[in-house]
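Visitor: I am new to this structure. Could you show me how to read its features, one at a time?

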Amino acid sequence: MLFARLDTFGNVIDYKIYNDSLGDDFTLMYPNSFIKRPNNSGYAGVGQVFYRQNGYLALFDQEGNVANYVEYKDSVSLTDFYKQVIELEDGFLIAGEKQNPVTYKTEIFVIKTDLQGNIIWEKKYPALNRATYLGQVQKVNSNEYLICGNTIKTNVLLSQQRYTSKIFSIDSLGSIKWQWESQPSLEELGAS
């Protein structure tokens with residue numbers, strides 16, 4: 001992992017590189033995968049340890065030193081894509097996609113952790129006969145989170161692939177409150 005601080009002109013103030021203790025030389029991160037924590041208490045980021053295909057949560061202090069690192073191994077997933085992290089009063093909400101080992105389709109997932117990164121609950125949100133991809137998670141309030149993304153039918157010819165936009169809301173325990181999905185379309189790539 002590379003942690004770099006830049007000034008407003010893009011000049012590097014300082015940086016740190018963190019090597020994986022198990023020899024994996026590549027991590028994968030996404031646009032919403034890194035946040036500044038409240039009260040200048042540091043930073044939090046999620047990503048994927050590329051070759052082991054596991055997700056992780058890294059907590060950094062204000063200077064960019066790793067304060068806590070948790071790698072999540074999921075025996076019922078082929079590949080884990082940790083794409084977004086949101087800090088809550090009592091922990092973190094982590095969202096992304098996991099690949100089902102039976103169907104090989106990706107499924108949107110959400111994990112709730114405590115402030116140390118210990119998993120409190122995890123929910124997966126698959127679509128029948130379709131792969132699901134995360135767009136973004138928005139916090140509405142302490143008991144509602146809005147999730148958008150898309151679905152696609154896999155294992156069909158490119159000319160027959162039809163996307164849908166999928167939007168749903170979950171409560172603080174991960175239960176779906178409501179959901180909406182568009183009709184399959186060739187013209188749209190789904191909500192993001």
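Visitor: How many salt bridges does a search of the whole structure find?

Guide: Keep in mind that this is a predicted model. The search of the whole structure turns up twelve salt bridges. To read one, look for a side-chain nitrogen of Lys or Arg within 4 Å of a carboxyl oxygen of Asp or Glu. Arg 5 and Asp 14 give a case: their side chains meet with N and O 2.6 Å apart.

Visitor: Are Arg 5 and Asp 14 buried, exposed or partly exposed?

Guide: Use the cut-offs: buried is under 20% relative accessible area, exposed is over 50%, and partly exposed lies in between. Arg 5 has 22%, so Arg 5 is partly exposed. Asp 14 has 26%, so Asp 14 is partly exposed too.

Visitor: Which residue does Lys 98 meet in a salt bridge?

Guide: Lys 98 meets Asp 74, with 2.7 Å from N to O. Now place the two partners. Lys 98 lies in strand β9, while Asp 74 lies in the loop between β7 (66–72) and β8, so the pair ties together parts that are 24 residues apart in sequence. Apply the cut-off again. Lys 98 is buried, because its relative accessible area is 2%. Asp 74 is buried as well, at 16%.

Visitor: Which residues are linked with Lys 98 in a network of salt bridges?

Guide: The network links Lys 98 with Asp 74, Glu 122 and Lys 124.

Visitor: Which residue forms a salt bridge with Lys 166?

Guide: That residue is Glu 181, and the closest N and O atoms are 3.8 Å apart. Lys 166 sits in strand β14 (residues 163–170) and Glu 181 in strand β15 (residues 176–181), so this pair ties together parts that are 15 residues apart in sequence. Lys 166 is buried at 8% relative accessible area, whereas Glu 181, at 32%, is partly exposed.

Visitor: Let us turn to the sheet. In what order do the four strands of the open sheet stand?

Guide: Start with the general idea. Strands of a sheet pair through backbone hydrogen bonds, either parallel or antiparallel. Here the order is β8-β9-β10-β11, and the pairing is antiparallel. From one strand to the next, the twist averages 20°.

Visitor: Why is one side of β8 and of β11 left without a neighbour in the sheet?

Guide: Both are edge strands. β8 (80–88) and β11 (119–125) each have a single partner strand, so one side of each has no neighbour in the sheet.

Visitor: How many bridges join β9 to β10?

Guide: Eight bridges join β9 (residues 91–99) to β10 (residues 106–113). To read such a pair, find residues that face each other across the strands. Lys 98 stands opposite Glu 107 in β10.

Visitor: Is Gln 99 buried or exposed?

Guide: Gln 99 has its place in strand β9. Gln 99 is buried, because its relative accessibility is 19% and the cut-off is under 20%. A polar atom of the Gln 99 side chain lies 3.1 Å from the backbone oxygen of Tyr 104. Leaving aside neighbours within four places in sequence, Gln 99 also has contacts that include Val 76, Leu 78 and Thr 106.

Visitor: What is the relative accessible area of Ile 94?

Guide: The value is 0%, so Ile 94 is buried. Ile 94 is found in strand β9. Set aside its neighbours within four places in sequence, and its contacts include Val 46, Leu 57, Tyr 82 and Phe 109. Compare sequence with space as well: Ile 94 and Tyr 69 are 25 residues apart in sequence and 14 Å apart in space, C-alpha to C-alpha.

How values were computed: Residues numbered from 1 in each chain as written. Predicted model: local features only at pLDDT ≥ 70, side-chain atom pairs only at ≥ 80, totals over all residues. Heavy atoms only, no water. Pairing = 2+ DSSP bridges. Helix = DSSP H or I, 4+ residues; strand = E, 2+ residues; numbered from the N terminus. Axes fitted to C-alpha atoms, helices over the stretch in contact; angles between N-to-C directions. Buried < 20%, exposed > 50% of the residue type's maximum accessible area, 1.4 Å probe, protein only. Polar contact = N/O pair within 3.5 Å; in protein donor to acceptor, adjacent residues only side chain to side chain. Contact = heavy atoms within 4.5 Å.
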